Amino acid sequence: MATWRYSAMPNGTEAVSGCNAVARFLDFGRGRNGGGGGGGERRRIKADQLMLMRKWQLRPLKRSLSVKNVSSDHKQKVKDPLTQQEESPGSRHLLTPPDASSIASSIQYHAEFTPLFSPEKFELPKAFFATAQSIRDALIINWNATYDYYERLNAKQAYYLSMEFLQGRALLNAVGNLGLTGAYAEALSKLGHNLEKIAAQEPDAALGNGGLGRLASCFLDSLATLNYPAWGYGLRYKYGLFKQRITEDGQGEAAEDWLEMSNPWEIVRNDVRYPIKFYGKVLTDSDGKKHWIGGEDIIAVAYDVPIPGYETKTTISLRLWSTKAPSGDFDLSVFNSGKHTQAAEALYNAEKICYVLYPGDESLEGKTLRLKQQYTMCSASLQDIIARFERRSGTKVRWEEFPDKVAVQMNDTHPTLCIPELMRILIDVKGLSWKEAWNITQRTVAYTNHTVLPEALEKWSLALMQKLLPRHVEIIEMIDEELIRTIVSEYGTADSNLLQKKLKQMRILENVELPAAFSDLLVKPKASPVAVSTDVLGESEEEKEEEELKPAGRKSKSVKKGIQKKKKKIPEPVPEPPKLVRMANLCVVGGHAVNGVAAIHSEIVKDEVFNDFFQLWPEKFQNKTNGVTPRRWIRFCNPDLSKIITSWTGSEDWVLNTEKLSELRKFADNEDLQTQWRAAKRSNKLKVTSLIKEKTGYIVSSDSMFDIQVKRIHEYKRQLLNILGIVYRYKMMKEMSASERRKKFVPRVCIFGGKAFATYVQAKRIVKFITDVGATVNNDPDIGDLLKVIFVPDYNVSVAELLIPASELSQHISTAGMEASGTSNMKFAMNGCILIGTLDGANVEIREQVGEDNFFLFGARANEIVGLRKERAEGKFVPDPRFEEVKKFVRSGVFGSSSYAEMLGSLEGNEGFGRADYFLVGKDFPRYIECQAKVDEAYKDQKRWTRMSIMNTAGSYNFSSDRTIHEYAREIWNIKPVELP
């Protein structure tokens with residue numbers, strides 16, 4: 001009989017181990033606190049020091065399995081039925097390092113006893129799950145040990161709240177961090193499988209879309225690797241954003257199926273669940289205490305995913321919330337009466353909160369669902385954080401110490417409701433005063449801004465929020481009143497114009513009357529008349545346009561006969577502007593720190609986005625330039641390059657201390673290094689040629705330059721500039737002889753990837769245009785391999801892990817001043833890719849680090865953008881003739897029957913919504929194609945190009961997320977590394 005042991009951990013979780021495996025800790029040795037860019041040294045830790053491994057002895061097993069819980073029987077000895085070894089519950093002893101044979105036995109065990117598939121075969125899907133469960137065994141022990149130690153030490157912890165965590169596949173990252181890649185490869189070989197093919201069975205976790213989620217996942221990797229006590233919090237989206245399908249009609253969307261066969265890495269914590277309330281009303285009792293009652297109640301349940309650090313046994317948690325309704329909300333009597341949908345309505349309403357990332361919000365229902373998502377994440381996470389704080393505090397809870405134990409980081413504005421929710425819990429549930437709660441909240445919470453785009457600085461309808469979260473609106477109104485008081489105190493009332501301007505820019509509530517206490521502060525403007533004579537107004541624009549549209553010689557009767565009667569015209573009343581809650585303003589007011597994510601972005605945040613707040617509280621504002629983990633983004637995804645770096649720098653220390661990468665600079669001209677470097681790049685390009693054929697059916701040459709732009713499809717990221725540049729290139733080729741083409745142009749494979757948001761029509765038009773251009777160019781026999789245009793469907797982390805190592809040129813060409821930072825630019829540079837780009841986001845710092853000669857720069861500067869748009873609006877912009885030629889060529893029908901009128905129309909005109917080339921594609925086009933000509937010339941000199949590639953990798957050292965996390969920990973969170981004994 002197999003018997004399982006359940007050990008309750010102090011933090012409320014359970015460590016589960018099977019007595020048919022000998023599960024024990026191994027000695028880790030002493031660690032380090034240094035990190036990439038920070039420069040600490042730590043002793044290299046061997047794989048056998050990093051994990052617990054169950055050592056299996058194979059023997060015939062019976063199919064029947066009885067399970068007995070012996071946790072209450074403390075006298076009983078636990079006997080391993082496989083090894084016949086005895087051990088007392090809880091004992092752990094040193095074992096020999098896990099070898100391939102013991103790993104293979106562990107995998108076979110899980111295939112037998114943790115089955116998700118039929119027992120007859122051991123095919124790829126089953127082998128993947130068994131392998132993942134084998135790895136998870138080791139992670140669980142380290143995982144529980146990590147939080148057990150944090151619990152006993154009661155150290156301050158950081159809590160990172162994000163709507164997105166774009167993790168990618170976990171298997172190779174986990175075995176790589178544990179130092180067991182070779183051992184698992186050998187074990188699977190013994191079982192007739194290949195590690196890479198097994199890893200390819202894992203679907204990407206559909207928990208994010210772009211840079212925001214990828215950054216969050218890089219941060220968790222660095223937090224674990226650097227031994228910082230931390231948690232990640234998010235939502236467990238069942239269907240993700242969407243799975244992208246590319247057809248002749250462009251982009252289509254389908255639900256993600258990443259949970260179709262379950263997720264072997266997650267553990268549901270059925271004992272960790274919290275109530276979440278929506279709607280209802282707020283009552284005030286006789287002593288003034290508020291009670292939020294009635295409404296809709298759901299439950300948030302925790303699903304934990306382990307995040308292992310590299311060469312450390314620290315394993316932290318990504319806790320994802322899933323939503324459900326109590327079983328009692330299923331109305332059985334209604335169901336039995338035949339009204340099945342109505343009977344399950346409450347269950348569906350609860351579960352759909354975690355169905356989709358960023359549900360469409362053009363409808364009221366969509367807006368409501370998004371707000372429910374944000375509140376669910378904030379409320380469940382804060383309830384969990386507070387429960388942990390109270391448990392660790394023991395019998396006497398000192399709430400004033402809460403900020404000394406808890407740091408909450410809001411990744412963008414999605415978690416903004418943390419601020420009123422923490423206030424609500426502290427005041428309404430824990431009984432603190434407003435002053436106490438406000439002081440605690442401001443010292444606990446910090447905000448990372450990720451955008452300067454006005455539409456991305458979230459604003460919520462006050463009416464919607466009032467209906468959905470009535471108590472939170474009361475709290476937000478009080479915070480707004482506190483802010484008004486601060487503004488009046490700072491600027492006084494003498495200059496009413498200045499005061500009015502400050503209030504308009506800074507208030508949390510937009511288009512809302514001042515509170516009663518300040519009602520006489522500003523003089524209200526006189527009401528304008530509601531009826532205006534046509535004598536005053538003159539002929540309306542609509543009437544003028546109507547006359548102009550009439551055929552010549554056919555005047556209207558009123559014109560022929562003259563104006564017989566002058567009418568009084570009452571214009572339609574001007575609609576009252578909507579009352580809104582400005583979430584970004586609430587973040588700035590409610591937190592103790594606000595940071596941008598690149599040097600230029602942080603300056604824009606201070607000078608433009610939040611300038612009024614910066615003048616009031618300059619000490620709040622910081623810069624934290626983004627970074628990416630060198631483990632996933634070089635060490636694991638680019639093993640060929642990693643071996644070269646290790647060989648030429650003398651060790652693998654660069655994986656943890658990326659400053660070592662800079663040592664490559666002194667070898668940049670070395671012919672042996674250059675030969676190895678080019679061979680590694682070619683090997684990676686061959687993998688991508690296979691990927692392209694598999695995903696698109698197109699065959700491309702690995703001898704061509706691989707020119708890649710992969711990112712979310714958005715007008716400001718200017719995929720349209722890229723594809724119009726390609727069209728210009730194609731047009732030029734078609735006008736030349738074959739020999740002229742070969743002489744002038746370097747063969748290129750131009751690769752695009754990324755998703756357009758389902759309701760973003762213009763972005764989807766751009767996707768369609770790219771695929772149409774590809775369909776024409778790729779089938780043109782005159783062009784052949786000289787130019788290929790590829791759109792890789794359903795771009796995700798796993799695709800990026802193939803494309804980025806193979807890249808030679810990468811395009812980061814956003815309109816200057818509009819990209820906060822970018823992180824893909826860092827990944828490309830780390831992998832020896834040369835960037836073409838504008839001075840935007842982290843491009844500025846990358847160019848400084850890799851050297852101006854190793855970066856292809858073009859385009860308007862951020863400080864020129866306002867003036868250029870004004871020039872356009874005044875009709876002074878004169879487009880380059882080459883730009884006009886390209887648009888004419890597109891309209892000629894060479895890429896299909898579509899005229900692309902709406903897409904090209906956005907580049908024309910001087911004013912109007914969706915017109916006037918807001919993102920300056922036409923302005924930057926001539927300099928862009930001239931810069932691309934320089935790219936061609938540089939690529940022809942392969943020695944020069946390889947040197948530039950090496951210098952990019954060498955200069956990328958400062959863009960490790962380890963450096964970024966050290967800065968957050970030191971300057972915002974005030975947390976210190978905690979190494980497990």
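This is a predicted model: local features need pLDDT of at least 70, side-chain atom pairs count only at pLDDT 80 or more; totals for chains, interfaces and linings use all residues.

Of the 160 residues in the largest nonpolar core, Met465 and Trp973 touch the most other members, where such a core is a set of buried Ala, Val, Leu, Ile, Met, Phe, Trp, Tyr and Cys residues joined through side-chain atoms within 4.5 Å, and buried means under 20% relative accessible area, exposed over 50% and partly exposed in between, with a 1.4 Å probe and protein chains only. The most is given to this core by helix α2 (residues 124-153), with 13 residues, helices being DSSP runs of H or I of at least four residues, and strands runs of E of at least two, numbered from the N terminus. Another core, of 55 residues, lies apart from it, and Ile726, Ile766, Leu787 and Leu809 are among its residues.

Residues are numbered from 1 along each chain as its sequence is written, and side-chain values use heavy atoms, with hydrogens and water left out.

Turning to charges, the whole structure holds 59 salt bridges, each a side-chain nitrogen of Lys or Arg within 4 Å of a carboxyl oxygen of Asp or Glu. In one of them Arg748 pairs with Asp707, their closest N and O atoms being 2.8 Å apart. Arg748 lies in strand β25 (residues 748-753) and Asp707 in strand β24 (residues 705-710), so the pair ties together parts that are 41 residues apart in sequence. Arg748 is buried, at 1% relative accessible area, and Asp707 is buried too, at 2%.
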